[in-house]
Amino acid sequence: MNPETNTGLIIEQKIDSLLTRMTLDEKIGQMTQVRHFDDISEEDIASKFIGSIIHTQGPLPGETAMEWQEKFTELQKKALSTRLGIPMFFGVDAIHGQNTFEGATIFPHNIGLGATRNAELVERAAQITALEAQATGFTWVFSPCVAIPYNEKWGRVYEAFSENTELTAKLAKASVKGLQGKLSDKRTVMATAKHFIGDGATDYGFEGGDTSLNMDEVIERLLPPYKIAVNEGVGSVMASFNSLSGRPMHAHKELITDILKGKMGFDGIMVSDWKGYSRFGENDIINAGVDVVMAVEGDFEMYLEGLKNGVQSGDVPQERIDDAVRRILRQKYRLGLFENPFPDATLIEKIGIQEHRDVARQAVRESLVLLKNNDNILPLDKKTKKIVVVGEHANNAGLQSGGWTINWQGSTENYKGATTILEGIEKITKGTVVYDIDASGNHNDADVAIIVIGETPYAESFGDIGGEIDAYQLTLTESHRNYVNTYANMGVKTIVILISGRPLVTTQQIEQSEAFIAAWLLGSEGGGVAEVLFGDYNFKGTLPHSWPKSVEDYKGKYGPNFWDKTITPLYPYGFGLRY
């Protein structure tokens, strides 16, 4: 018998044994995920038989990685003190590195990784993310996002790899493989493919809106990354906030149970998104196939009571509860949590090490997309006499990294371990570098101006650009337009670097500049930009999204995208220059 098959049979036998001994309260507890603060008291872990903990925005487990590990060890011991001693998962939104811990390696967001098209690099970044997540006490990460964005007005475009299904599937496979590896290895974590399904294809780009694609289009365009992830053994899938033709995805039994778990053979955990129980029909989501519920922000007690009453009344079949708990226990056995429930302190020294940062810097270099290079102004000569660098994004690690960086909504300040674009330029050049943060200086004698402009950090619906007519927010702020105007009007040669979580309408700025670079959201290694500007490496990135030419491109439900040939973009998907 194949060793893996034998191991799988042994695990199923252990699950059978546990299930026969579990009470209904213990089973519902396993299906419950809460924060380690606010939602519960620490005593609830044992008395309510909690199955998993999520760390998100709020009080930190500690100041150091050791303190994080100690906190989670303390909580785990409470779970192990129960009569069956079932260990908990500890989950975190590790979206582009272990981005909740200051000092960890932060990679470019997925849109930048999509621009690299480098599956080996994505896999290596995921391996590092897994290790640094384990080093801070986590066993479950809520990534990768495998959405197919249809409209740049959606506030989560940057969490996805690309508008292209094939590229997304390729990089989803690499990410899951890197995160999970061999699950029982203490350097790996359980991955989550999300958000199932249609999150990025909502009409007009609303987070949690309605996706009006028909079922054939969903299966052809949106489902392939999930098929790849399931084939790669992904441990969990997260339900989406959106509805599909009016039906909430959290309660969509046909897609969750019949297709994902049935036809596709997914044997892992279907986890709700934030407050999914109260938002999408309470026990309807359990009957649709959700196995673990994020019972947060007031949902905890009503969920425990509501689900128990549902089972006792027959509204929720006992078999559905047993199936959910089987899936949860299966992944805990696969992760080796019953044998090794506690974090490994020897991994702490690996957090943010140079080897990891070198990989992140490579990802920065390969993610940069050159859209214009008039008169071969790039690469710049390292001996250029006077370079003026413009814009607050040039010297701010928080601004260059976007949302989900240290804080849920990101940061507007520098953070530990990061390097900025300006620091990289100053390190590599031999001439004079002047920093003109707001383009107020008189530097008409500069040989070149490197102007760094873009979006301020946002996450989830906070990044949505609402409505059918409000696409004007897909342009730059007036102050950033003026940065470019100021130096273009001086007659100084300008190189524009755009920091953004999505393509923006920048047609005028592209016309005004000698060179224009889409740099996406860089993460902690902003110094990598200079290595490409000054010729140590050539550009490799290509557009993971079609680039809009005007706000008029967003009059309809979708923006320019791979599937819609009625809108002609300024630059097509896959465009990217070299020197």
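1. Definition of burial. A residue is called buried under 20% relative accessible area, exposed over 50%, and partly exposed in between, computed with a 1.4 Å probe on protein chains only. At 14% relative accessibility, Ser411 therefore counts as buried.

2. Basis of the note. This is a predicted model, in which local features need pLDDT of at least 70 and side-chain atom pairs count only at pLDDT 80 or more, while totals for chains, interfaces and linings use all residues. Residues are numbered from 1 along each chain as its sequence is written, and side-chain values use heavy atoms, with hydrogens and water left out.

3. Ser411 is placed in the loop between α16 (397-401) and α17 (421-428); helices (H or I, at least four residues) and strands (E, at least two) are DSSP runs, numbered from the N terminus. Contact is taken as heavy atoms within 4.5 Å. Not counting residues up to four places away in sequence, Ser411 touches Gly398, Leu399, Thr405 and Pro457. The side chain of Ser411 also reaches the backbone nitrogen of Glu413 at 3.0 Å. A polar contact is a pair of N or O atoms within 3.5 Å; within protein, one must be able to donate a hydrogen and the other to accept it, and residues adjacent in sequence count only if both atoms are side-chain atoms.

4. Asp447. This residue is found in the loop between β14 (432-436) and β15 (448-454). With a relative accessible area of 38%, Asp447 is partly exposed. Leaving aside neighbours within four places in sequence, Asp447 is in contact with Thr384, Lys385, Lys386 and Lys493. A polar atom of the Asp447 side chain lies 2.8 Å from the backbone nitrogen of Lys386. Asp447 and Asp299 are 148 residues apart in sequence, and their C-alpha atoms are 60 Å apart in space.

5. Helix α7. The 16 residues of α7 (residues 165-180) reach 22 Å from first C-alpha to last, close to the 22 Å expected at 1.5 Å a residue; the expected span is 1.5 Å times one less than the number of residues. Twelve of the 16 residues are buried, so α7 is largely enclosed by the rest of the structure. Among the buried residues are Leu167, Leu171, Val176 and Leu179. Their cover includes α5 (110-116), α6 (119-135), β4 (140-141), α8 (215-222) and α9 (224-231). At the start of α7, a side-chain oxygen of Asn164 reaches to within 3.0 Å of the backbone nitrogen of Glu166. Just after the helix, Gly181 takes a positive phi of about 45°.

6. Helix α9. The buried residues here are Pro225, Tyr226, Ala229 and Val230. They cover an arc of only 135° around the axis, which puts them on the same side of α9; the arc is that of the directions from the helix axis to the C-beta atoms. What covers these residues includes α7, β5 (192-196), α8, β7 (236-239) and α10 (253-263).

7. Nonpolar cores. A nonpolar core is a set of buried Ala, Val, Leu, Ile, Met, Phe, Trp, Tyr and Cys residues joined through side-chain atoms within 4.5 Å. The largest has 100 residues, of which Phe196 and Leu307 touch the most other members. Helix α14 (residues 318-334) supplies the largest share of this core, six residues. Apart from it lies another core, of 71 residues, among them Ile450, Leu498, Val505 and Leu522. Beyond four places in sequence, the residues that Phe196 touches include Leu223, Tyr226, Val237, Met249 and Leu260.

8. Strand pairing. Two strands pair if DSSP finds at least two bridges between them. An open sheet of five strands has the order β4-β3-β2-β1-β11, with parallel pairing. Its edge strands are β4 and β11 (293-294), each of which pairs on one side only. Strand β3 (residues 89-92) and β4 are joined in the parallel sense over two bridges, and Val92 has Val141 in β4 as its bridge partner. Elsewhere, four bridges join β12 to the antiparallel strand β17 (residues 515-520), with Phe516 in β17 as the bridge partner of Lys372. Five of the five residues of β12 (residues 369-373) are buried, so this strand is largely enclosed by the rest of the structure.

9. Gln69. Helix α4 (residues 65-80) contains Gln69, which counts as buried at 4% relative accessibility. Beyond four places in sequence, Gln69 touches residues including Gln134, Thr136, Pro343, Asp344 and Ile348.
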